[in-house]
Amino acid sequence: ILDAEAGGKHGNPNLVYSDINARLVKNVGSSDIHDRLESIAILSALIDVDMLDEAQRTRISSQVKSLLPHTNPTVSTEAVGAYKKLLNKKWTIVMSSVELDLNRSLELLSSERNDVVRMTALHVIEALCTGTNTTLFPFIPRILTQLSPYLRDPKVEYRLAASRALGACLGMVPSYDISIRGPWLSYLYEEQQRHQSSGGVEGCHAALLICHELIQHGGMYMQANFASTSDLALKLKDHREPMIHKAAISLLPVLARYSPQDFTKLNVSGETLMVRSCNYLINLSKTSERDRATAFLVLGQIAQSCSAEFKPFIGSTMCSIKDVLAQQANLRATASGLAPEADETAQAILQTIAMLATAMGPTLTRYMRDIIDLVFTTGLSQTLCDSLAVLEREVSQLVPAIRDRLLDVISIILVDVPFRPAQPSLDSLEHRMGAMSLHYTSQANSAHGSSDRASIGANVAASSGAAAGNGNDSTSLVVAAARNINVTTDIRVLALHTLTSFGFSEENLSEFVRNGILHYLNHPSAA
């Protein structure tokens, strides 16, 4: 209604908008947090309306900004999200006031005592630097100076927020003019050295965060400092503080992407930086449950930057992935199930497999045949579907195995039985008789539950030693794991979406759709 009639008809005011604005005026000034959150939700929706006039845009912009310095973190976070939408829309009233908004945020960093308000100021600075490009170019020296103390603040949340704002600020610096970039980059590198020399948790973390942003945005400036930055990452990778440990590890793929040649050639204590990094990460993925997700993702990122040099490590990386997936498959079959960090690891493994497929291509085929069934024990998720799509594109030899198993999982989620490939004679007979497929209507197959959980553990070992497509052990593992999925409305929606979007065009799905899918048209859920 608003999109079509935001300006009203025949010069008359839009009554719907007037009612909404009256509610906004009341709620924006309310002391109740729920009223303010409701206001932000309404404002966020209004920002997407295309037919607003200038007065309406001015009012919406003013109302969003009035909610930014709120002392409640939920309200301020939602308000920052709405403010980012304003910047993306690039309304005249918004872009004409970005300098005022930046000045206000910088003042809050230096004078405000409330933690939430200062954190909001950091988020606004990041949003302004990301969304306005060169408009705020003259403010860069002041921004860098104001961010510096927050990069080594005692609170890690401030350090991370300041680091993101720093990256956005450096993104505004023209890459072609070293005369402009040089002094600012030198200032930051001196700050990094100062933080590194000061030591302590805050100093070490600040040094790593600045290095990360300098490598990402500093261009050739950091080439001369590549070796010292690599030494810093290796030195701090075993730090007792988890945040420093993770920041050091996360710096390794950034170095690999920045200069693959230096990453694979630089000698560190008798080994190349790549050999030392990969061996460390593979061992970490085997021995540290807390760090597995990060270790796998970093290995995948390094492989993408240095694909040829990563070949000696592909076997041990895939072996570690196989061991972790097998362990998790067994845990899923138990009553206790998986811890949240284990699910994070499973998602990281799926992303890593996609990165390895992109980097290694068909080289990955024989390794994936050993673990393809274990991959499906992670359950149906968007991450799984995305990873399988990459595998199909980069490792085409796996297409039949992937589609057979994915159809089984989808069928079990939607109709509680595995997928049955087309059987023309039987399908034709059932169709002439006007009967539903006995396969898809046979709920006698529903005597699952604990027996399927038990079969998961029994089949993990068999699947681990069998190549995809050999015998029934592998598919029985996939079927048992699929029946162990907690099927929610979201999972069913994902299964239906995957069925239509994954590219099963070469499969004959007519009987499956007729017998197992059409009844979902009458499902009470709108999703």
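Me: Why is D153 called buried?
Reply: D153 has 14% relative accessibility. Buried means under 20% relative accessible area, exposed over 50%, and partly exposed in between (1.4 Å probe, protein chains only). The 14% of D153 is under 20%, so D153 counts as buried.

Me: What is the basis of these values?
Reply: This is a predicted model, in which local features need pLDDT of at least 70 and side-chain atom pairs count only at pLDDT 80 or more, while totals for chains, interfaces and linings use all residues. Residues are numbered from 1 along each chain as its sequence is written, and side-chain values use heavy atoms, with hydrogens and water left out.

Me: Where is D153, and which residues does D153 touch?
Reply: D153 sits in the loop between α9 (140–147) and α10. Helices are DSSP runs of H or I with at least four residues, strands are E runs with at least two, and both are numbered from the N terminus. Contact means heavy atoms within 4.5 Å. Setting aside residues up to four places away in sequence, D153 touches Y158, R159 and E202. D153 and A206 are 53 residues apart in sequence, with 8.6 Å between their C-alpha atoms.

Me: Why does L109 count as buried?
Reply: Its relative accessibility is 6%. That is under the 20% limit, so L109 is buried. L109 belongs to helix α7 (residues 98–111). The C-alpha atoms of L109 and M119 are 8.4 Å apart, and the two residues are ten apart along the chain.

Me: Why is D370 called partly exposed?
Reply: D370 has 29% relative accessibility. That value falls between 20% and 50%, so the label is partly exposed. D370 lies in helix α20 (residues 365–376). K322 is 48 residues from D370 in sequence, and their C-alpha atoms are 8.0 Å apart.

Me: What makes N486 exposed?
Reply: The relative accessibility of N486 is 61%. That is over 50%, so N486 counts as exposed. N486 is in the loop between α26 (473–483) and α27 (489–501). N486 and G379 are 107 residues apart in sequence and 9.0 Å apart, C-alpha to C-alpha.

Me: Which label does S269 get, buried or exposed?
Reply: Exposed, because its relative accessible area is 69%. S269 is in the loop between β1 (267–268) and β2 (271–272). Its phi is positive, about 55°, although S269 is not a glycine.

Me: Why is D416 called partly exposed?
Reply: D416 has a relative accessible area of 25%. That lies between the 20% and 50% limits, so D416 is partly exposed. D416 is in the loop between α22 (399–415) and α23 (424–433). Phi of D416 is near 75°, again a positive value in a residue other than glycine.

Me: What makes a set of residues a nonpolar core?
Reply: The set consists of buried Ala, Val, Leu, Ile, Met, Phe, Trp, Tyr and Cys residues joined through side-chain atoms within 4.5 Å. The largest such core has 156 residues. I143, F310, M368 and L391 have the most contacts inside it. Residues up to four places away aside, L391 touches I353, A357, L364, M368, S396, L398 and I402. In soluble globular proteins, nonpolar side chains tend to be buried together.

Me: How many helices and strands are there, and what percentage of residues is buried?
Reply: The protein has 28 helices and two strands. Of its 527 residues, 50% count as buried. Among contacts between residues at least 6 apart in sequence, 71% join residues at least 24 apart.
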